Amino acid sequence: MPKITFLGAGSTVFAKNVLGDCLAAPALADSEIALYDIDPLRLKDSQMMLENLNRNAGGKATVRGFTREGRREALQGADFVVNAIQVGGYEPCTVTDFEVPKKYGLRQTIADTLGIGGIFRALRTIPVVLEFAREMEEVSPRALFLNYVNPMAMVTGALLRASGIRAVGVCHSVQVCAERLVKGLGMTWDPATLWKIAGINHQAWLLEISLRGVDLYPEIRRRSEAGEVPETDRVRHEIMRRFGYYVTESSEHAAEYVPWFIKSGHPGLIERFNIPLDEYPRRCVEQIAGWQRMRAELVSDRSLRHERTSEYASYVMEAVVTNRPCAIGGNVLNGDLVTNLPRRACVEVPCLVDGNGVQPCVVGDLPPQCAALNMTNVNVQLLTVEAAFTGRRDHIYQAALLDPHTAAELPVDRIVAMCDELIERHGSWLPTYR
């Protein structure tokens with residue numbers, strides 16, 4: 001009977017997907033599930049939801065809820081720990097991440113991976129995740145930590161460098177990248193299609209894609225050059241035209257990882273590339289309102305059922321428990337996996353998972369232009385992690401100064417002033433930086 005601890009269980013919809021997947025996997029159906037959240041009301045909602053799912057899946061699992069004071073017990077003896085927390089929530093912290101930069105003339109779309117929003121999300125999240133890791137080293141040292149929290153590369157990289165626990169970062173974008181690209185261009189998707197992806201989280205590259213020995217990239221590039229692209233995906237296709245390969249994460253994400261698309265001096269780019277500025281706050285407001293409508297359906301529906309999704313978490317756990325291998329795109333410390341990215345970078349590469357855990361595959365060199373673009377993001381990630389480790393304010397400034405989008409819009413003094421104001425506004429959500 002595996003023990004699965006879910007941190008941030010108040011994210012009821014996401015908890016339903018990940019833990020519902022586990023209940024649908026025979027090897028995990030009898031798990032002991034520990035739900036943890038600092039919000040007792042959201043925790044109660046998720047517990048009721050999962051108990052309904054469990055009952056309708058055969059009732060083999062046991063479900064318990066834990067709030068802040070019970071965290072150690074929730075982690076005690078865990079085999080798997082899923083991390084889905086959001087430190088500071090939509091309000092006040094996400095609002096701050098958008099409103100302060102906007103005051104300085106810096107507009108964002110999602111702000112959870114890179115850019116000034118990603119930097120500050122990392123700075124308030126890394127200390128909390130390292131607290132989890134220190135507790136796990138004492139009460140569940142052999143557990144496998146599955147991190148879903150953004151900014152993925154910064155949080156996972158910090159965790160792997162600063163603790164001895166086993167961990168992998170898992171995202172949603174790798175497993176759907178090739179299929180959505182093909183379908184978006186009006187091509188027929190065949191499940192026999194083979195593909196290879198590597199790079200960094202949210203900017204990993206579709207290096208190869210073929211069907212029964214035929215390279216699909218020539219036709220993909222032909223259609224892309226002809227303009228046969230979805231309106232919502234113009235940014236990624238422009239990057240592919242210039243760099244030769246398609247990136248994993250959506251265009252609204254990709255637009256703020258580079259310096260070319262969100263530019264106050266060129267407002268026409270926003271319409272040309274269909275860039276949804278302030279997308280994440282808008283999405284949060286809609287989700288909060290939508291939750292009130294969905295709550296009765298998810299929480300009180302005693303007939304609630306679930307079909308297994310493509311989320312990696314349950315497949316990873318199942319492979320470890322059964323020793324039947326599966327393949328994922330995982331976020332791990334680089335070492336010598338991607339040979340033209342820094343050893344301390346957190347990279348997203350193919351991984352084999354079995355009873356031995358997560359075993360990353362060596363990729364070798366990325367195409368030089370792809371590695372070069374990744375490095376503009378890796379520089380920011382490494383300096384942000386360094387700031388979190390050392391408490392040095394100058395490393396925050398340096399991360400922001402090297403951020404591609406921020407640097408393309410603002411001069412040095414304004415970037416430093418913006419960082420100072422963000423530190424002040426975040427207050428106790430951040431440690432002290434000197």
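First, the ground rules. What we have is a predicted model, where local features need pLDDT of at least 70 and side-chain atom pairs count only at pLDDT 80 or more, while totals for chains, interfaces and linings use all residues. Residues are numbered from 1 along each chain as its sequence is written, and side-chain values use heavy atoms, with hydrogens and water left out.

Back to the lysine. Lys-102 counts as partly exposed, because its relative accessibility is 32%. The cut-offs here: buried is under 20% relative accessible area, exposed is over 50%, and partly exposed is in between, with a 1.4 Å probe and protein chains only.

Now, who does Lys-102 talk to? Its side chain meets Asp-278 in a salt bridge, 3.2 Å from N to O. Those two come from distant parts of the chain, 176 residues apart: Lys-102 is in helix 4, and Asp-278 is in the loop between helix 11 and helix 12. When I say helix, I mean a DSSP run of H or I with at least four residues; a strand is a run of E with at least two, and both are numbered from the N terminus. Asp-278, at 13% relative accessibility, counts as buried.

And a salt bridge, for today, is a side-chain nitrogen of Lys or Arg within 4 Å of a carboxyl oxygen of Asp or Glu. The idea behind it is simple: side chains of opposite charge can pair when their charged atoms come close. Searching the whole structure turns up 26 salt bridges.

Let me pick out another one from helix 4. Asp-97 bridges to Arg-124, with the closest N and O atoms 2.9 Å apart. Again the pair links distant parts of the chain, with Asp-97 in helix 4 (residues 89-103) and Arg-124 in helix 5 (residues 115-139), 27 residues apart. Both Asp-97 and Arg-124 are buried.

Further along, Arg-393 and Asp-420 make a salt bridge at 2.8 Å, N to O. Arg-393 sits in helix 15 (residues 393-402) and Asp-420 in helix 17 (residues 412-426), so this pair ties together parts 27 residues apart in sequence. Arg-393 is partly exposed at 23% relative accessibility, and Asp-420 is partly exposed too, at 27%. There's also a network: salt bridges that share partners join Arg-71, Arg-72, Glu-131, Glu-135 and Glu-138.

Okay, on to the rings. How many aromatic pairs does a search of the whole structure find? The number is 7. A pair means rings of Phe, Tyr or Trp (its six-membered ring) with centres within 6.5 Å; planes under 30 degrees apart are stacked, over 60 edge-to-face, and the rest tilted.

Take Phe-14 and Tyr-148. Their ring centres are 4.8 Å apart and the planes are at 80 degrees, so we call the pair edge-to-face. Phe-14 is in helix 1 (residues 12-23) and Tyr-148 is in the loop between strand 5 (144-147) and helix 6 (152-162), so the contact ties together parts 134 residues apart in sequence. Phe-14 is buried, at 18% relative accessible area, and Tyr-148 is buried at 8%.

Then there's Phe-261 with Phe-273: centres 4.8 Å apart, planes at 75 degrees, so edge-to-face as well. Phe-261 is buried at 4% relative accessible area, and Phe-273 is buried at 7%. Both belong to a cluster that ring pairs build from Trp-205, Phe-243, Trp-260, Phe-261 and Phe-273.

Last stop: strand 8, residues 203-211. This strand is mostly covered, with 7 of its 9 residues buried. Strands pair, by the way, if DSSP finds at least two bridges between them. Strand 7 (residues 194-200) runs antiparallel to strand 8, joined by 7 bridges, and Gly-199 stands opposite Ala-204 in strand 8. Their hairpin has 2 residues between the strands, and His-202 there takes a positive phi near 70 degrees.

Strand 8 also joins strand 10 (residues 246-247) through 2 bridges, antiparallel, with Leu-206 opposite Tyr-246. Another 2 bridges, antiparallel again, join strand 8 to strand 9 (residues 214-215), where Ser-210 has Asp-215 as its bridge partner. That's my tour, thanks.
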